[in-house]
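Have the viewer open as you read.

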Amino acid sequence: MAAALARSADAGGVVAVVLIVSSDGGPAWVGGLLGACITAPHLLGPFVARPLDTAADGRKVIALAALVHGATLAAAVLAYPHTPAAVPALLLIASGLVGPFLTGGISSRLPAIAGTTRHGQRRAQGWDVATYGLSGTLGPTIVALISAGSSPTVAALVLAAATFAAAGLVFLLPFAPPAAHGAQVPRPLRTLRIMLASGRLRRTLYLTIVVAWAVAVLPITAVHSTTELGAAAAAAGALTAAYGAGNLAGSAGMMLRPARGEADRLMTLLALTVAVALALALVAPNLWAAVLCYAAVGVANAYFFAATLAARTEYSPPQARGQIFVWIGALKITAGSAGTASAGAIIGVWAHLPLVLATAFTLLAALVSQLDRLAHRPAASGEKHGTPAEPDHGHRP
């Protein structure tokens with residue numbers, strides 16, 4: 001509940017802000033700029049995430065972030081009609097800056113919730129993936145429904161109230177003491193170097209980025225592919241809904257039957273599965289076949305996402321786990337935004353070009369991860385759960 005409420009506000013905030021500007025007669029570029037003020041600061045999340053690993057009670061950090069997110073979102077939408085646009089922009093930047101605490105920050109609490117067994121943790125990761133899918137749909141839907149019956153400003157205030165409720169629910173999560181004292185917790189750039197030096201975390205990082213970029217092209221591709229599929233433009237909604245339904249179905253599958261095996265190998269296999277599903281969507285002969293293919297991409301991506309959560313949990317050094325969750329989550333969101341933007345930029349060349357590139361890049365990333373694993377197989381034998389995969393930490397010649 002905490003995750004779903006907090007992430008619904010994070011997902012729906014952009015829609016609410018854009019609707020507020022448009023309903024007030026403001027120019028479209030102002031709406032886009034204010035919306036970007038919520039999403040763009042996610043990239044800075046890793047540089048403020050260290051308190052997740054240093055605080056005596058990490059729940060307080062997440063709860064404070066939820067309160068700040070809600071308060072600044074509410075203040076921004078109330079200020080917009082009465083102040084220069086720079087004022088709500090700054091408030092929304094503050095809101096977006098704490099957004100990673102509501103995504104990767106909450107996910108980093110899974111070990112404390114699910115216990116130490118791999119089976120229990122992976123079932124919990126299935127639930128966590130489901131909250132991402134639900135919030136990505138629920139947040140914009142709440143905004144649309146409330147805006148139709150009242151106003152976008154009221155919708156944004158409801159989202160803000162949801163984050164306040166989430167802040168309270170966070171304290172119902174189990175307490176977990178910090179894994180290390182403040183001096184032992186690495187700083188952000190040192191954490192990034194740890195990820196890059198660790199084979200398993202490095203593969204988690206670049207596979208997450210590439211797959212997030214690839215699946216983000218689907219909404220744009222759906223809109224432009226309906227003509228070739230012999231369907232009306234409105235059918236793009238069926239394609240994107242099929243992807244969302246597949247994602248939720250995959251999450252449910254993970255809850256009922258968690259994946260087994262090493263998360264590192266699972267990520268490569270599931271990235272390959274995503275690429276195959278994307279390729280099938282590319283060659284789908286009609287609308288119904290495309291609907292099934294989009295659903296298959298959703299299922300594969302849900303399993304892949306859960307595998308990346310498992311990798312972050314099982315391979316991260318305990319003293320940097322929170323930061324690693326936020327680092328990878330922030331780069332995932334950034335990659336998704338870049339995928340949508342690049343698809344919109346190149347789709348005019350050829351309607352299938354974004355999907356072709358998405359398939360090719362995902363296949364290439366899966367291949368590189370396999371070669372990366374084979375190249376470091378001797379070092380991998382000494383890897384332990386909760387420690388970096390290769391102990392050289394950047395001293396490789």
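## A buried glutamine

Gln323 counts as buried because its relative accessibility is 0%; the cut-offs are under 20% relative accessible area for buried, over 50% for exposed and partly exposed in between, with a 1.4 Å probe and protein chains only. Gln323 sits in helix α16, helices being DSSP runs of H or I with at least four residues, numbered from the N terminus. A polar atom of the Gln323 side chain lies 2.7 Å from the backbone oxygen of Pro186.

Leaving aside neighbours within four places in sequence, Gln323 is in contact (heavy atoms within 4.5 Å) with residues including Pro46, Ala49, Arg50, Asp53, Pro188 and Thr191. Pro188 and Thr191 are also among the buried residues of helix α10 (188–197), and the buried residues of α10 pack against α11 and α16.

## Ground rules

This is a predicted model, where local features need pLDDT of at least 70 and side-chain atom pairs count only at pLDDT 80 or more, while totals for chains, interfaces and linings use all residues. Residues are numbered from 1 along each chain as its sequence is written, and side-chain values use heavy atoms, with hydrogens and water left out.

## Two cores

A nonpolar core here is a set of buried Ala, Val, Leu, Ile, Met, Phe, Trp, Tyr and Cys residues joined through side-chain atoms within 4.5 Å. The largest one has 51 residues, and those touching the most other members are Leu218, Leu239, Val274, Leu278, Tyr294, Val297 and Phe304. Helices α11 (199–215) to α17 (353–375) each supply at least two residues, with α15 giving the most, twelve.

Beyond its sequence neighbours within four places, Phe304 is in contact with Leu207, Thr208, Val211, Met267, Leu270, Ala271 and Val274. Apart from this core lies another, of 20 residues, among them Ala3, Ala49, Ala66 and Val170.

## Open space

The largest pocket holds about 1,800 Å³. On a 1 Å grid over the protein atoms alone, a pocket is an open set of points with protein on both sides within 12 Å along at least five of seven lines, and lining residues have an atom within 4 Å of a point. Of its 47 lining residues, Ala11, Tyr132, Gly136, Lys332 and Gly336 are the closest to the centre. Helices giving two or more residues to the lining include α1 (2–23), α8 (118–149) and α16.

Methods. On a 1 Å grid over the protein atoms alone, a cavity is a set of points where a 1.4 Å probe fits but cannot get out, and a pocket is an open set with protein on both sides within 12 Å along at least five of seven lines; lining residues have an atom within 4 Å of a point. Grid points are joined across faces, edges and corners, and a volume is the space filled by probe spheres set on the points. A polar contact is a pair of N or O atoms within 3.5 Å; within protein, one must be able to donate a hydrogen and the other to accept it, and residues adjacent in sequence count only if both atoms are side-chain atoms.
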